[in-house]
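Hi everyone, thanks for making time.

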Amino acid sequence: MINSYFLDIFKTVISGLILIVAIFYLLKPYLDKLGNQSVSSINPNANHHQSLQLQAYERLLLFVDRTNPVNLLVRLNDPAYLATELHYQVLGEIRNEFQHNITQQLYVSPNAWEIVKRIKNETISLANSAVKVLPPHASGFDFSKLILEQMSKMENNPYDVAAALIRDDARQLF
């Protein structure tokens, strides 16, 4: 049971990584062309600023991916954790990721930054609500399972929606 659960999570993570690599290689010629255009542009400071903006949007997308419970729980998984211990680890990881990216708000739109804050708060809320309903000595596996069940009941995956909104926001730079 546990092995098939982690195998399913592993398959999901691997498929996501393959999708990201495929998208990168599909967009690479366009990004190379854009890079060549910016080099020949008259205002190098504007190009540098746009480069910083794109990097900031990349960081926000990475934040959304890293705080997605599917990825977060796989990364932090330790069979020895109790639910409360895993909960503590999840909250710490979310806060660390957020603090690591807090300066990116200088380079992105207020809308994109608001999306990141909302994802952070919703993920913390999801973890808090899951740990509250579990018995005191529940396992980390029970905690992970409950969070993933709650996510599966959502009509739209908020992490996919957030990533799409951030990508749309970044496209406005072009």
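Predicted model: local features only at pLDDT ≥ 70, side-chain atom pairs only at ≥ 80, totals over all residues.

If you read the elements from the N terminus on, you get α-α-α-α-α-α-α.

Now some overall numbers. The chain has 174 residues, and 36% of them count as buried. It exposes about 10,900 Å², with carbon and sulfur atoms supplying 59% of that. And take the contacts with a separation of 6 or more: 77% of them come from residues 24 or more positions apart.

Okay, on to the inside. In soluble globular proteins, nonpolar side chains tend to be buried together. Here, the largest nonpolar core has 40 residues, and Val90 and Phe143 are the ones that touch the most other members. Which elements give two or more residues to this core? They are H1 (2-39), H2 (44-67), H3, H4 (83-101), H5 (110-133), H6 and H7 (158-171). H5 gives the most, with ten residues.

Let's zoom in on Val90. If we leave aside its neighbours within four places in sequence, Val90 is in contact with Leu72, Leu73, Leu76, Ala127 and Phe143.

H3 covers residues 69-76 and H6 covers residues 140-152, and their axes are 10 Å apart. How do these two run relative to each other? They pack at an angle of about 170°, and over 145 counts as roughly antiparallel, so that is what we call H3 and H6. On the H3 side, the contact is made by Pro69, Val70 and Leu73; on the H6 side, by Phe143, Ser144, Ile147, Leu148 and Met151. Sorted by class, that gives seven nonpolar residues, one polar and no charged ones.

Last stop: Asn68, which sits in the loop between H2 and H3. Is Asn68 buried or exposed? Its relative accessibility is 9%, and the cut-off for buried is under 20%, so Asn68 counts as buried. Leaving aside neighbours within four places in sequence, Asn68 is in contact with Met151, Asn157 and Tyr159.

Conventions: Residues numbered from 1 in each chain as written. Heavy atoms only, no water. Axes fitted to C-alpha atoms, helices over the stretch in contact; angles between N-to-C directions. Helix = DSSP H or I, 4+ residues; strand = E, 2+ residues; numbered from the N terminus. Parallel < 35°, antiparallel > 145°, perpendicular 65-115°, else oblique. Contact = heavy atoms within 4.5 Å. Nonpolar A, V, L, I, M, F, W, Y, C, P; charged D, E, K, R; others polar. Buried < 20%, exposed > 50% of the residue type's maximum accessible area, 1.4 Å probe, protein only. Areas by Shrake-Rupley, 256 points an atom, 1.4 Å probe, with all protein chains shown as cover. Core = buried A, V, L, I, M, F, W, Y, C linked by side-chain atoms within 4.5 Å.
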